[in-house]
There are 2 protein chains.
Amino acid sequence: MEPVTPKTPNRRERVRNATVAEIKSVARDQLTGDGPGAISLRAIARDMGMSAPALYRYFPSLEALLVALVVDLYDELRGFMETACAELPEGDRIGRLLVAAKSFRAWAVAHRPEFTLMFASVDLHSEGSAHHDPTAEPHAAAARFSQVFGRIFHELYRQTDEERGFPLPTPAVPNMSPGLQAELVACAHTIGADVPVEFSYMFLTYWIRLYGVVAMEVHGQLPVIEHPDLLFNAMLAEMAAQLRVDITEWIGTT
Amino acid sequence: MEPVTPKTPNRRERVRNATVAEIKSVARDQLTGDGPGAISLRAIARDMGMSAPALYRYFPSLEALLVALVVDLYDELRGFMETACAELPEGDRIGRLLVAAKSFRAWAVAHRPEFTLMFASVDLHSEGSAHHDPTAEPHAAAARFSQVFGRIFHELYRQTDEERGFPLPTPAVPNMSPGLQAELVACAHTIGADVPVEFSYMFLTYWIRLYGVVAMEVHGQLPVIEHPDLLFNAMLAEMAAQLRVDITEWIGTT
DNA sequence: GTCGATAGTTAACGGTGTTCACGTTCATGA
DNA sequence: TCATGAACGTGAACACCGTTAACTATCGAC
């Protein structure tokens, strides 16, 4: 069963895809140049030598264009992190985790307008139906992205379990309610991981910490901190110490 | 020396202040109704029965209005947290810390558009001069807000030091670089606290964790989690356990 | 009671997203 | 080969937007 969606694209479809790509590229330039709010259909059309209504042959609205952009950005960020990790030897789980975290921050601070658009401007949960639609494209892209950390975490867990014969330490979370445990199990299922709830919890909270520092740095909420990379490295070192893994070779002094 | 700025407001200044308040109030309604982005000078004027250019007698631009709104929101959020804490007995530092954290989240999830505007839409560091201008009004409001946690943390530190005779435990942050230590000292100085760098570090990272969860919840980045309050409480419990304080009376099961 | 600051007006400019009605191009099936 | 219909692109228009300029009315103070 060959894939139905891409098939063999007609010549017509090829030039159409090229036009779509150019639209998103020009929009990307406006985003990086003057921030999220500066993306304008008319300006895009002007830059492309077209009239504004022509763009409606490719996107039903400006909002749809922004959503498509966000999807691309998620995949770009994911690719950036995966490429950075791919340069490491296969079995270096700890290195992969650190490189993934550091490349996440590196991409974010190097692409602040994109980061703002992805994580603040566009509401992924369209606040419409009962909850979110997991089949919707932006949600799927966000899920693909978040699974990068999830997979690395899962591999780290399995490796140490096998090689050392005992699982990684997990932080003390006393008296986890059944409700929270159920949520954590569901969270692990989304990446197909069969791990203890404590491990799920650790992954989630670590990811939250990473997101927290990076978001605050990007949004200028750390005005006192002159060198956020020092703080970031220190937090990585702290988390690694909690995991009881040695990362001095990666971080050096914190 | 009586305050110079408010003085005895003329009748003229009183009605002017009332108009300014009404403008911000109408803008706030638009914000809560249709999100940031939906705040429009012309719509505000329409709602007030005025013409749009008249608003320029009160704010030099829409951006300035948004900044003023953000300042008010910072103070409102700060007041909300302080009022919640004030209902506790004077010496209950741990309770204050938990109530501050919980009221922060409560305000954020009850005022998602405001939260987005404050922490994402408006750039506090206007990316202009060498760094940020600490005298600028929005930055001052943000500082006043962040000092709520800072003061509570500081008080908790001093209390336990006196009553128990030894300081609170601090997480292991091996080999802190002199650069990071200097930043943490500066961070402590902004709240006039004389605390060890480890304590400064703990405060910063705890605040980052709180911001991280709340921002992800507000921005819909936790799609798998159905009940974020459970996760939030669990993180509070974890941080309390790190502080070696007992909060079961506050949280119950996590 | 005059005078100047203050607050408000209308008109206008250039910009935006979006829709509509109209042509043009082009691959395809009879 | 040619007609057909879908896909693509256009200009005009509508309803907004932020902002500026020129002008008028109001009101407090000397």
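**View 1. Contacts across the sequence of chain A.** Take the contacts in chain A between residues at least 6 apart in sequence: 68% of them join residues at least 24 apart. This is a predicted model, and its chain A has 10 helices and zero strands. Of the 254 residues in chain A, 50% are buried.

**View 2. Helices α8(A) and α9(A), side by side.** Here you see α8 (residues 197-218) and α9 (residues 228-243) of chain A, whose axes come within 10 Å and cross at roughly 175 degrees. That angle is over 145 degrees, so α8(A) counts as roughly antiparallel to α9(A). On the α8(A) side, the residues in contact include A:Met202, A:Tyr206 and A:Leu210, while α9(A) brings A:Leu231, A:Phe232 and A:Met235, among others. Sort the whole contact by class and you get 12 nonpolar, one polar and three charged residues.

**View 3. Where chain A meets chain B.** Each side joins in with 52 residues: 52 from chain A and 52 from chain B. Together the two chains bury about 4600 Å² between them, and carbon and sulfur atoms give 63% of that area. Look for A:Glu183, A:Ile208 and A:Glu238, which supply 13% of the area chain A buries against chain B, more than any other three residues.

**View 4. Helix α4 of chain B, up close.** Helix α4(B) runs over residues 93-110, and its 18 residues should span 26 Å at 1.5 Å a residue. The C-alpha atoms at its ends are 25 Å apart, which agrees. Because 13 of the 18 residues of α4(B) are buried, the helix is largely enclosed by the rest of the structure.

Conventions:
Residues are numbered from 1 along each chain as its sequence is written. Chains are lettered from A and ligands numbered from 1 in the order in which they are written. This is a predicted model: local features need pLDDT of at least 70, side-chain atom pairs count only at pLDDT 80 or more; totals for chains, interfaces and linings use all residues. Side-chain values use heavy atoms; hydrogens and water are left out. Helices (H or I, at least four residues) and strands (E, at least two) are DSSP runs, numbered from the N terminus. The expected span of a helix is 1.5 Å times one less than its number of residues. Buried means under 20% relative accessible area, exposed over 50%, partly exposed in between (1.4 Å probe, protein chains only). Axes are lines fitted to C-alpha atoms, for helices over the stretch in contact, and angles run from 0 to 180 degrees between N-to-C directions. Angles under 35 degrees count as roughly parallel, over 145 as roughly antiparallel, 65 to 115 as roughly perpendicular and the rest as oblique. Contact means heavy atoms within 4.5 Å. Ala, Val, Leu, Ile, Met, Phe, Trp, Tyr, Cys and Pro count as nonpolar, Asp, Glu, Lys and Arg as charged, and the others, Gly among them, as polar. Buried area is the accessible area (1.4 Å probe) that two parts lose on being put together, summed over both.
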